[in-house]
Amino acid sequence: MAKPTVHISKRPGDYFYVFGFVIFFIIALTMDYINAVGPYNKEGGISEEVTKDWIWPPRVVIDLFHWWCEQCDPVLRINYFWFKIETAYSTFLYAPFYPLAIYGFIYGMQHTSFLRPDYSLKN
């Protein structure tokens with residue numbers, strides 16, 4: 001027999017997981033996407049010239065990416081092949097599961113229990 005679901009307001013610790021998966025989902029569909037589809041190991045890397053005609057992600061995200069690369073992390077713009085593969089996993093493999101995890105944590109679905117680091121402590 002299935003355990004009855006408990007509303008998320010009675011499980012305040014799950015707000016942490018929902019918030020985390022929302023942030024992961026947004027990053028996967030925006031920032032990781034830029035590295036996943038951008039050129040790698042090229043002269044100049046992912047430049048503004050390369051991204052000027054992109055329709056996704058939104059222009060503000062692309063501008064934020066370029067600002068971040070100029071101010072904080074110039075190596076990110078080079079986009080090494082191994083990093084391109086890593087961000088492709090995030091964008092195309094993990095991202096579809098984030099909405100499922102968010103839904104499961106909000107509605108108390110038992111199939112998302114394995115996603116919790118404290119799962120073994122609760123049983």
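1. Helix α1 (residues 14–29) and helix α7 (residues 97–107) approach each other with their axes within 9 Å, crossing at roughly 160°. The model under discussion is predicted. Angles over 145 degrees count as roughly antiparallel, and α1 and α7 are therefore roughly antiparallel to each other.

2. The crossing in which α1 passes α7 is left-handed. On the α1 side, the contact is made by D14, Y17, V18, F21, V22, F24, F25 and A28; α7 contributes Y98, P99, A101, I102, F105 and I106. Sorted by class, this contact between α1 and α7 comprises 13 nonpolar residues and 1 charged residue, with no polar ones.

3. A101 deserves a separate remark. This residue lies in helix α7 and is among those contacting α1. With a relative accessible area of 3%, A101 is buried. Between A101 and V18 the sequence separation is 83 residues, while their C-alpha atoms are 7.8 Å apart in space.

4. The structure contains 0 disulfides. For C69, the closest cysteine sulfur belongs to C72, at a distance of 9.2 Å, which is too far for a bond. The cut-off applied to a pair of cysteine sulfur atoms is 2.5 Å.

5. C69 is buried, its relative accessible area being 3%, whereas C72 counts as partly exposed at 44% relative accessibility.

Key
Residues are numbered from 1 along each chain as its sequence is written. This is a predicted model: local features need pLDDT of at least 70, side-chain atom pairs count only at pLDDT 80 or more; totals for chains, interfaces and linings use all residues. Side-chain values use heavy atoms; hydrogens and water are left out. Axes are lines fitted to C-alpha atoms, for helices over the stretch in contact, and angles run from 0 to 180 degrees between N-to-C directions. Helices (H or I, at least four residues) and strands (E, at least two) are DSSP runs, numbered from the N terminus. Angles under 35 degrees count as roughly parallel, over 145 as roughly antiparallel, 65 to 115 as roughly perpendicular and the rest as oblique. A crossing is left-handed if the near helix is turned anticlockwise from the far one by less than a right angle, and right-handed if clockwise. Contact means heavy atoms within 4.5 Å. Ala, Val, Leu, Ile, Met, Phe, Trp, Tyr, Cys and Pro count as nonpolar, Asp, Glu, Lys and Arg as charged, and the others, Gly among them, as polar. Buried means under 20% relative accessible area, exposed over 50%, partly exposed in between (1.4 Å probe, protein chains only).
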